[in-house]
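Visitor: Can you walk me through this one? Keep it quick.

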Amino acid sequence: MTADNGAKLYIDGQEVVSATTSGAEASGTVADLAEGYRAIRVTYFENTGGQALTVSYQLPGATKVVIPASVLFSQPDTALTAVTTGPTVPGLYYQAFEGIW
């Protein structure tokens, strides 16, 4: 995962990746991840300037690829009040929040 300025990736509620260096790739490993649906959550923050976020995955013995929208579905989070919401990529749901990380 790469982010400008920072992001965290959670799978089933467990933090897997923390990208805290702007533009540098950060990675993590999930051991024994069984086949099936998983709750994937990405938190992202932007300080100033341009915005960028790339989330990829790599299966054993395969090439790393950006997660395609075709394998994602959304379930809106209602825990916080969103400042901006909308589908930027088919199958990908986002919410932007103001506050402190």
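Visitor: How many helices and strands are in the chain?
Guide: Zero helices and nine strands. Helices (H or I, at least four residues) and strands (E, at least two) are DSSP runs, numbered from the N terminus. This is a predicted model, where local features need pLDDT of at least 70, side-chain atom pairs count only at pLDDT 80 or more, and totals for chains, interfaces and linings use all residues. Residues are numbered from 1 along each chain as its sequence is written, and side-chain values use heavy atoms, with hydrogens and water left out.

Visitor: What share of the residues is buried?
Guide: 15% of the 101 residues. Buried means under 20% relative accessible area, exposed over 50%, partly exposed in between (1.4 Å probe, protein chains only).

Visitor: Switching to charges. How many salt bridges does the structure hold?
Guide: Three. The criterion is a side-chain nitrogen of Lys or Arg within 4 Å of a carboxyl oxygen of Asp or Glu.

Visitor: What does E25 pair with?
Guide: K64, with the closest N and O atoms 2.3 Å apart. The pair links distant parts of the chain, 39 residues apart: E25 sits in the loop between β3 and β4, K64 in the loop between β6 (56-57) and β7 (65-66). E25 is exposed at 52% relative accessible area. K64 is partly exposed at 38%.

Visitor: What about R38?
Guide: R38 bridges to D12, at 3.5 Å between the closest N and O atoms. This pair also links distant parts of the chain, 26 residues apart. R38 lies in the loop between β3 (14-19) and β4 (40-45), D12 in the loop between β2 (6-11) and β3. R38 is partly exposed at 29%, and so is D12 at 44%.

Visitor: Which side chain does E15 meet in a salt bridge?
Guide: K8, at 4.0 Å, N to O. E15 counts as partly exposed, at 38% relative accessibility.

Visitor: Now D4. Buried or exposed?
Guide: D4 is buried, yet has no salt bridge. The nearest side chain of opposite charge is K8, 16 Å away. Lys and Arg count as positive, Asp and Glu as negative; His and the chain ends are not counted.

Visitor: Where is D4, and what does D4 touch?
Guide: D4 is in strand β1 (residues 2-4). Leaving out residues up to four places away in sequence, D4 touches S22, Y44, F45, E46, G50, Q51 and A52. Contact means heavy atoms within 4.5 Å.
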